[in-house]
Amino acid sequence: MKSIIPIFIALCFFQLSTAQEMPYKGPDEFLIGDRQVPQVLLMGTWHFAYPGLDEHKTKEEDKINIFTPKRQEELQELLDYVAQFQPTKIIVESGANTGYLMNRYRRWKKGEEELYANERDQVGIRLMDQLGLDTIYGCDAWGLLGDLHDKIGDSEADQYIKRIGDRHYFGGKDEWMKRYKEWYTYSDKQMPHNTLLENFLYLNQDKVIDRYFGAYISGGQFDSDAFEGPDALSMFWMNRNLRIFHKIQQLDIQDNDRVLILFGAGHMGILRWLYECSPRYELVEFDSLNDFTVR
């Protein structure tokens with residue numbers, strides 16, 4: 001028996017040394033390796049024109065007027081900050097209307113009309129002009145629930161889609177929605193006291209991005225009977241962002257491209273997750289641009 005113990009100990013050391021010599025390879029060693037993939041910068045924003053289409057609406061006294069001289073100076077600071085990424089493609093929250101956006105750009109350059117207050121114009125078009133790019137891309141999409149809701153029949157499945165589509169599954173008056181309302185109201189009142197760049201750095205923090213998405217799954221009408229809340233969320237909001245991600249993939253994006261994606265901050269929780277999971281892209285952090293080096 002005593003002669004077996006040294007052999008057993010020797011085998012254990014051999015297995016341990018072998019395991020140390022043969023570590024697991026990370027998945028990207030197979031999926032990416034030495035290949036270059038496009039870099040993506042996600043830029044979550046509030047809607048500069050305050051269209052009032054979201055569940056939470058900013059009070060008039062808390063809105064930021066992007067056209068004041070002070071805000072225009074801050075806007076240039078923001079554009080200069082983002083320009084450090086040197087995007088080769090700019091994608092904005094707009095439908096498949098690149099022609100419309102480019103027509104607005106050309107009329108603005110000719111002095112025939114002013115840019116609108118929205119972030120598509122103030123950030124997207126102005127940054128495109130500053131960087132000398134030749135186009136800007138609109139890649140917004142509507143969710144599956146909306147498409148199906150417009151084609152309702154009499155079947156049980158159709159009536160279920162109509163029922164969850166007619167209800168609004170985002171927002172509510174429960175305890176969690178009250179807490180979110182308190183945070184949103186605080187943010188609204190805080191933002192006018194900060195510069196545009198400070199506001200964007202705040203909105204694009206990981207925790208803020210995660211909690212914005214958390215509003216869709218914390219209380220509200222997501223806590224519905226049966227699966228109506230989850231079904232509505234997956235068929236509308238999750239699906240909408242998957243479609244946006246898919247539309248961006250359909251663009252002619254090359255491995256050496258740097259892609260700026262400017263969408264409402266509420267989209268970022270899902271879009272960030274998609275770009276983190278996909279080996280086809282390298283995600284660049286918004287707060288890292290002062291140290292960013294173009295490869």
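**Exercise 1. Compare the radius of gyration of the protein chain with that of a compact globule of 295 residues.**

Step 1. The radius of gyration is taken over C-alpha atoms, and the globule rule is 2.2 Å times the number of residues to the power 0.38.
Step 2. Along the principal axes, the C-alpha atoms fill a box of roughly 95 × 55 × 40 Å.

The model is predicted: local features need pLDDT of at least 70, side-chain atom pairs count only at pLDDT 80 or more, and totals for chains, interfaces and linings use all residues. Residues are numbered from 1 along each chain as its sequence is written, and side-chain values use heavy atoms, with hydrogens and water left out.

**Exercise 2. State whether Glu74 is buried or exposed.**

Step 1. Buried means under 20% relative accessible area, exposed over 50%, and partly exposed in between (1.4 Å probe, protein chains only).
Step 2. Glu74 has a relative accessible area of 7%, so Glu74 is buried.
Step 3. In the protein chain, buried residues make up 43% of the 295 residues.

**Exercise 3. Find the residues that Glu74 is in contact with, leaving aside neighbours within four places in sequence.**

Step 1. Contact means heavy atoms within 4.5 Å.
Step 2. With those neighbours left aside, Glu74 is in contact with Asn194, Thr195 and Leu196.
Step 3. For the protein chain, residues 24 or more positions apart account for 82% of the contacts with a separation of 6 or more.
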